[in-house]
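Here's a quick briefing to read alongside the model. Have the sequence and the 3D view open as you go.

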Amino acid sequence: MHRRNRVVLQPNAVVGSDGFGFAFDLEGDGSGPMHRKVPQAGIVRIEDDVEVGACSCIDRATLGETRVGRGTKIDNLVQIGHNVQVGPLCLIVAQVGISGSTQVGQGVVLAGQVGVVGHLRIGDGARAGAQAGLAHDVADGETVTGYPAMPHREWLRMSAALPRVPELLKQVRKLQQRVEQLEREKGK
């Protein structure tokens with residue numbers, strides 16, 4: 001059996017808590033519908049040289065394992081859901097939430113407050129900018145930003161244009177009025 005070395009768990013880090021698994025039972029226990037807990041019988045595997053920040057939680061798998069790969073560094077206040085597979089050498093920054101069964105490739109960087117929906121694949125070397133909302137797979141080496149997450153260059157262009165939108169709307173309205181006026185004059 002290989003012994004894990006150089007793993008650091010900062011204060012109040014929780015490894016192996018129940019994953020968030022519930023099934024809706026329409027009949028319930030006689031007093032109406034209810035949520036029933038799905039047993040979380042799996043484990044968490046943390047490989048060598050991992051650091052888990054304060055107040056972070058890594059849920060154990062429903063079945064099988066939740067895994068954090070070698071050399072990954074997890075900041076404070078991070079949530080890693082059940083059955084997530086985090087590859088080696090990742091950086092996961094403060095307040096990131098990764099929902100269940102997501103696969104995070106090698107060397108991925110998830111900046112602060114990134115949110116990841118479940119069952120995604122985030123490719124090797126991918127990067128997500130702060131507060132990005134990942135709702136779709138991210139290709140190897142791709143950089144995404146924004147909510148919903150989009151290619152970083154597209155997000156930069158959109159962000160630069162956004163302050164001009166109110167003035168552009170005014171111009172469009174004036175042009176519409178002018179076109180309507182010209183059509184009325186033409187019809188006379």
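What follows is a short tour of the core, a surface patch and a few individual residues.

This is a predicted model, in which local features need pLDDT of at least 70 and side-chain atom pairs count only at pLDDT 80 or more, while totals for chains, interfaces and linings use all residues. Residues are numbered from 1 along each chain as its sequence is written, and side-chain values use heavy atoms, with hydrogens and water left out.

**Nonpolar core**
- The largest nonpolar core has 29 residues, and Ile80, Ile92, Ile98, Leu110, Ile122 and Leu134 touch the most other members. Such a core is a set of buried Ala, Val, Leu, Ile, Met, Phe, Trp, Tyr and Cys residues joined through side-chain atoms within 4.5 Å.
- Setting aside neighbours within four places in sequence, Ile122 has contacts that include Leu110, Val116, Leu134 and Val138. Contact here means heavy atoms within 4.5 Å.

**Surface patch**
- Val7, Leu9 and Val15 make a nonpolar surface patch of about 210 Å². Patch residues have over 30% relative accessible area and no salt bridge, and nonpolar side chains (Val, Leu, Ile, Met, Phe, Trp, Tyr) are joined within 5 Å.
- Val15 sits in strand S2, residues 14-17; strands are DSSP runs (E, at least two residues) numbered from the N terminus.
- Val15 counts as partly exposed because its relative accessibility is 34%. The scale runs from buried (under 20% relative accessible area) through partly exposed to exposed (over 50%), with a 1.4 Å probe and protein chains only.

**Gln40, in a loop**
- You'll find Gln40 in the loop between strand S4 (34-37) and strand S5 (43-46), and it's buried, at 6% relative accessible area.
- A polar atom of the Gln40 side chain lies 2.8 Å from the backbone oxygen of Val38.
- Beyond residues up to four places away in sequence, Gln40 touches Asp18, Gly19, Gly21, Arg60, Ala61, Thr62 and His82.

**Asp25, in a strand**
- Asp25 belongs to strand S3, residues 22-25.
- A polar atom of the Asp25 side chain is 3.0 Å from the backbone nitrogen of Glu27.

**Pro151**
- Strand S21 (residues 150-151) holds Pro151, which is partly exposed at 35% relative accessible area.
- With neighbours within four places left out, Pro151 contacts Glu142, Thr143 and Val144.
- The C-alpha atoms of Pro151 and Val138 are 9.4 Å apart, with the two residues 13 apart along the chain.

Notes
Patches are made of residues with over 30% relative accessible area and no salt bridge: like charges are joined within 9 Å, nonpolar side chains (Val, Leu, Ile, Met, Phe, Trp, Tyr) within 5 Å. Accessible areas come from the Shrake-Rupley method with a 1.4 Å probe; for residues, only the protein chains shown count as cover. A salt bridge is a side-chain nitrogen of Lys or Arg within 4 Å of a carboxyl oxygen of Asp or Glu. Helices (H or I, at least four residues) and strands (E, at least two) are DSSP runs, numbered from the N terminus. A polar contact is a pair of N or O atoms within 3.5 Å; within protein, one must be able to donate a hydrogen and the other to accept it, and residues adjacent in sequence count only if both atoms are side-chain atoms.
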